[in-house]
Amino acid sequence: MADKGSNNAAQLSIGGNTIDLPILDGNVGPQVIDVGHLTSQGYFTYDPGFVSTASCESAITYIDGDNGILLHRGYPIAQLAEHSDYLELCYLLLNGELPNADQKAAFEHTISHHTMVHEQLVHFFQGFRRDAHPMAIMCGVTGALSAFYHDSLDINDASHRTNTAHRLIAKMPTLAAMSYKYAQGEPFVYPRNDLGYAENFLHMMFATPCENYKVNPIIARAMDRIFLLHADHEQNASTSTVRMAGSTGANPFACIAAGIAALWGPAHGGANEAVLNMLAEIGDEKNIDKYVKKAKDKDDPFRIMGFGHRVYKNYDPRAKVMQQTCHEVLNELGVEDDPVLRMAQRLETIALEDDYFVERKLYPNVDFYSGIILKAIGIPTEMFTVIFATGRTPGWIAHWNEMIGAPYKIGRPRQLYKGPAARDYVPVADR
Ligand code: SDX
């Protein structure tokens, strides 16, 4: 039994002993109970999936899942989506404050002048089949960046860490566009320093050497907002993976590659691709009721992708902005009456009225509408998680930098052992 002793300690009464557990206060949000010294008392805590575990101290992003609140360095996501832009948010995540005009211009100049990748990296793509999933390519080529920088990187030197953060933010769109062009069998398009971040990405994706390509500014703004909405999200699975890899002192490019691998899962960043695949499987509005029934059936593995969240037990604030962006893009492209969007809206309405989803506080998350926007822009489904990874890079590297920039321990969870007790080896003749 644990009860709150003095204001700054909980008391755990176990086996006739009382153990004081310090209670630590955050600036916002729930207190935490420090159980770090329980091992010395002969106990581990047990929390599969880390549902109730704070893995670290951080000042980057705050989420209040019950109230649908998401703050980046204290700024609400809805205000950032309306007034800011992706590179400004990257600066904020990395530095803790919004840039003034000179700082913003200097940061944009720095990022744009790191967008090219080493020409040798092009050869890494040649080893992949043309039909390789672009996330497989991104895991490979991002990790391969380690080979180009590991000897010029002292992770204990803050200026080296800053340079690495700039390189990663700058190069991810280039690598992402290259993974698309490789699959299309089209020549890679070099980045251009006269274009904005999202505009440059779309130009590298869709331009060809045969003619000038002008990026639609409405689409560029929507792309920038999609990157912005994915930039960071506290200690999610892929960010925790980056922190775990970073805690061993691994090269940050390898850590980001580990984050990309973790993001790929359909329960995490792969959900945007899975939403479109799910809508394709449903096929028509008349099948929605059947699939909602399948989603509620414990024996059926089908889940409504883009719904539910480990933390948000209210509407994901990013989903609201994403839905608004979806209508803007489809309206701009004259496809407001898109059948896939109509089916998604119908599915959302039905699910939000169904007791199963209401009781479990399952609401649309950031992935529910993003795929519909990306599809409308002409980005293929298998590229959706690559877009998510590109957007999430500043969050990953800001968390890595925050951890490495202060005292940290190598991550090493323990377990509840359920295997056999010690026993003697049996020679094969006696088995
Ligand atoms: C992201 O952590 C982050 O911040 C992630 C992210 C980020 O920005 O980094 O926000 C990005 O990953 C968003 C989530 C994208 N994933 C999906 O959309 C996949 C579909 N969602 C589910 O797989 C699920 O909701 C999770 C994985 C997202 C959350 O799982 P939890 O919190 O572990 O919840 P759970 O599995 O314990 O579900 C609770 C109940 C269960 O039913 P009961 O056992 O109580 O009867 O809700 C049910 C689940 O079966 N449930 C769903 C459901 N999600 C949960 N039922 C139908 N459809 C769903 N989508």
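In this predicted model, a backbone N or O atom of Gly306 lies 2.8 Å from an oxygen atom of the ligand, a polar contact in the sense of a pair of N or O atoms within 3.5 Å. On its own the ligand has 1,100 Å² of accessible area, and the protein covers 76% of that; the areas come from the Shrake-Rupley method with a 1.4 Å probe.

Stepping back to the whole shell, 25 residues surround the ligand, with His233, Ile304, Gly306, His309 and Arg318 the closest; a residue counts as near if one of its heavy atoms lies within 4 Å of the molecule. By class the shell holds 10 nonpolar, 7 polar and 8 charged residues. Here Ala, Val, Leu, Ile, Met, Phe, Trp, Tyr, Cys and Pro are nonpolar, Asp, Glu, Lys and Arg are charged, and the others, Gly among them, are polar.

Residues are numbered from 1 along each chain as its sequence is written, and side-chain values use heavy atoms, leaving out hydrogens and water. Because the model is predicted, local features need pLDDT of at least 70 and side-chain atom pairs count only at pLDDT 80 or more, while totals for chains, interfaces and linings use all residues.

The second largest pocket has a volume of about 340 Å³. Of its 25 lining residues, Leu195, Gly196, Tyr197, Ala198 and Glu199 are the closest to its centre. A pocket is an open set of points on a 1 Å grid over the protein atoms alone, where a 1.4 Å probe fits, with protein on both sides within 12 Å along at least five of seven lines; lining residues have an atom within 4 Å of a point. Points are joined across faces, edges and corners, and the volume is the space filled by probe spheres set on them. Helices H3 (101–112), H6 (158–184), H7 (197–206) and H8 (217–229) each supply at least two lining residues, and H7 gives the largest share, 6 residues. Helices (H or I, at least four residues) and strands (E, at least two) are DSSP runs numbered from the N terminus. The lining divides into 12 nonpolar, 7 polar and 6 charged residues.

Turning to the strands, three of them form an open antiparallel sheet in the order E5-E6-E7. Strand E5 (61–64) and strand E7 (75–76) stand at the edges with a single partner each, so one side of each is left without a neighbour in the sheet. E5 and E6 (residues 69–72) pair over 4 bridges, where pairing requires at least two DSSP bridges. Along this pair, Thr61 stands opposite His72 and Ile63 has Leu70 as its bridge partner. The E5–E6 hairpin has 4 residues between the strands, and Gly68 takes a positive phi near 60°. His72 also stands opposite Tyr75 in E7, and the E6–E7 hairpin, with 2 residues between its strands, has Arg73 at a positive phi of about 50°.

Conventions
Polar contact = N/O pair within 3.5 Å; in protein donor to acceptor, adjacent residues only side chain to side chain.
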